[in-house]
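The entries below follow the order in which I went through it.

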Amino acid sequence: MVDSAVLHASVSELHGMLTQRQISSEELTQAFLERIDLLNGKLNAVVTVCAEQALNDARRADKRLSRGKATMLTGIPLLHKDIFCTQGIRTTCGSRMLEQFIPAYDATVVAKLKAAGVVMLGKCNMDEFAMGSSNETSFFGTVKNPWDTQCVPGGSSGGSAAALAAGMATLVTGTDTGGSIRQPASLCGITGLKPTYGRVSRLGIIAFASSLDQAGPMARSAADCAHMLTAMSGLDAGDSTSADLAVPDFFSELSGDVAGLRIGLPREYFNDDLDSSVRAQVMSALSQLEKAGAQLIDIDLPHSHYAIATYYVLAPAEASANLARYDGVRFGYRCADPADLEDLYLRSRSEGFGEEVQRRILVGTYALSAGFYDAYFNKAQQVRRVITDDFRKAFQSVDVIAGPSAPGIAFRFGAKQQDPIAMYMEDIYTLAVNLAGLPGLSAPAGLINGMPVGLQLIGKPFEESTILNAAHRLQLDTDWHLARPPIEEWQP
Amino acid sequence: MSISQEDVEKVALLARLAIAPSDLPEVTERFGRVLQLVNELNTIDTEGVAPMSNPHDMVQRLRPDVVTGGDEREALMASAPQQDRGYFLVPKVID
């Protein structure tokens, strides 16, 4: 019988136990599979469990461990967001369109983590095509937040965040196009990093908005995220936008030293619109960093307000082009008994895509259509540069920019579902980071009424180490990241 | 700029999406709300600003035009909803 503490242990702790043969990867994997079995009926965080394959991975990891050839991640159980193509394993992207889709290849992220020796337990639920901030758009049903099962886990990587918080895996992957790692990390009380655009290969990640999409690690701590990011990153010949830059060992860069670190607080984030309880928690986290030697400096990001309008032109426009490939012919859902080719296209797409995905395709198609291209798409690309320049200027006087990850704590199911704009506002603090291609993370900053809230740290391009190190300092000085949801109090 | 039901139907056709007549008023209303949101872009002066399509202003990297992957025809065709002898099947197009 495996001690339940291992379900919430860090990578370093488990690596120590595995290398000292206190536990085998097979035993560990079995414990996590049992945990998934126990909780998934309630949480719906996992859409596909790969028990047999996971146990095979684990036995292979145990052999590697016994040969002394292990990496930090060898034998560590992980769940992938169901947006990453996994060879021979169904990859749905949360959509009816891909309900039966079995990829012929692994995403680069999947292949790299596999090469490091992780054990893949299965695939996590998500908002359909990563379009949503609550996991309510998934074809496979909503994911429940383990801190309060009446509430959403955030999205779109909500299944990943909920699974990690509930101890169903040690590590999970996510993707972030406008906040889809950071907002659910905030709402579920975990640490999640969106790397710089180009740091991690996008090959094999089902495309949403190609100039914004990035995959990243979600884990219990900045240190665990660092281990994972090292394994995930790097130039990939299969992604022409992946960066040709050396990948540091992100973990070894965590000195914990933040003396003299200049942290900018944008006046536009800390204005009167910010919920006072969120402000109090975020400031309490920042004052911890100040105590450790960081300097807090007020800054301006004058065009922050335009991020949401810019994003909701560019992301749907790119999505409408990317999702044109789902035509009911080559792969994916096909309607029954099409009358002709036109009917096949129309019905396969309208039956295969959910409401939010269709709305974004419509908006994107409109923004790209003749007569509107200049007014919407071109204009939004211009404003994207203005927003990016704001960050560039701010980073001349600060090393890190801080703010909330989300405007509030997890909300109840249905609370924002009827109003697309209210839902879009969930990402008000995260969208600009994607537009500017910067790295950003969310780290736990305590609880409000028993529900987690996150601190967002934004870094200069390719300086993930700086924000990971600041979060690591915070996690050396506080125990917010160790808080666990009250799962044991659930009614059977 | 508001949007009419006719406009929405036109865009839906371009996007190859079928909207049920009973859903059209609501789809139009929500579409209009999104447009209202993005119309805020008109309040910012971007005269002379170059559009940005990549956050690092990266230039497309090219590779030599050589075959790198193996023949995966069978594996890839396996995902097709309907196929026969290496062809994707669709409803009859030409009478």
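I started at Lys194(A), whose bridge partner in strand 10 of chain A is Gly440(A). Strands here are DSSP runs of E of at least two residues, and helices are runs of H or I of at least four residues, both numbered from the N terminus. The model is predicted: local features need pLDDT of at least 70, side-chain atom pairs count only at pLDDT 80 or more, and totals for chains, interfaces and linings use all residues. Residues are numbered from 1 along each chain as its sequence is written, and chains are lettered from A and ligands numbered from 1 in the order in which they are written.

I then counted bridges on both sides of strand 5 of chain A. Three join strand 5 to strand 10 of chain A, and these two strands run antiparallel. Two join strand 5 to strand 6 of chain A, also antiparallel, and there Thr191(A) has Ala219(A) of strand 6 as its bridge partner. I take two strands as paired if DSSP finds at least two bridges between them.

Is strand 5 of chain A covered on one face or on both? Both faces are covered, with Thr191(A) and Leu193(A) buried on one side and Gly192(A) and Lys194(A) buried on the other. Buried means that 20 or more other C-beta atoms lie within 10 Å of the residue's own; exposed means 12 or fewer, and partly exposed is in between, with C-beta atoms placed from the backbone.

Entry 2, the whole sheet. I traced eleven strands of chain A in an open sheet of mixed pairing, in the order 1-3-2-4-6-5-10-11-9-7-8. The edges are strand 1 (46-49) and strand 8 (295-299) of chain A, each of which pairs on one side only. From one strand to the next the twist averages 30°. For such angles, axes are lines fitted to C-alpha atoms, for helices over the stretch in contact, and the angles run from 0 to 180 degrees between N-to-C directions.

Strand 7 (residues 262-266) and strand 9 (residues 400-404) of chain A run parallel and are joined by two bridges. I noted Ile263(A) with Val400(A) as its partner in strand 9, and Gly264(A) opposite Ile401(A). Strand 9 also pairs with strand 11 (residues 451-459) of chain A, in the antiparallel sense over five bridges. On that side Ile401(A) stands opposite Ile458(A).

I saw helix 5 (residues 158-165) of chain A lying across strands 1, 2, 3, 4 and 6 of chain A, at about 155° to strand 4. Helix 7 of chain A packs on the sheet and touches strands 4, 5, 6 and 10 of chain A, its direction making about 145° with that of strand 6. Contact means that the C-beta atoms of two residues, placed from the backbone, lie within 7 Å.

How many residues of helix 7 (residues 222-232) of chain A are buried? Eleven of its eleven are, including Asp224(A), His227(A) and Thr230(A). Gly234(A) follows helix 7 of chain A and has a positive phi, near 130°.

I looked up the axes of helix 9 (residues 307-322) and helix 12 (residues 374-394) of chain A, which come within 9 Å and cross at roughly 130°. That makes helix 9 of chain A oblique to helix 12 of chain A. Angles under 35 degrees count as roughly parallel, over 145 as roughly antiparallel, 65 to 115 as roughly perpendicular and the rest as oblique. Among the residues making the contact are Val313(A) and Leu314(A) of helix 9 and Phe377(A) and Arg384(A) of helix 12. By class, the contact residues are nine nonpolar, two polar and one charged. Nonpolar covers Ala, Val, Leu, Ile, Met, Phe, Trp, Tyr, Cys and Pro, charged covers Asp, Glu, Lys and Arg, and the others, Gly among them, are polar.

Entry 6, chain B against chain A. I read off 40 residues from chain B and 55 residues from chain A in the contact. On the side of chain B, helix 2 gives the most, with six residues.
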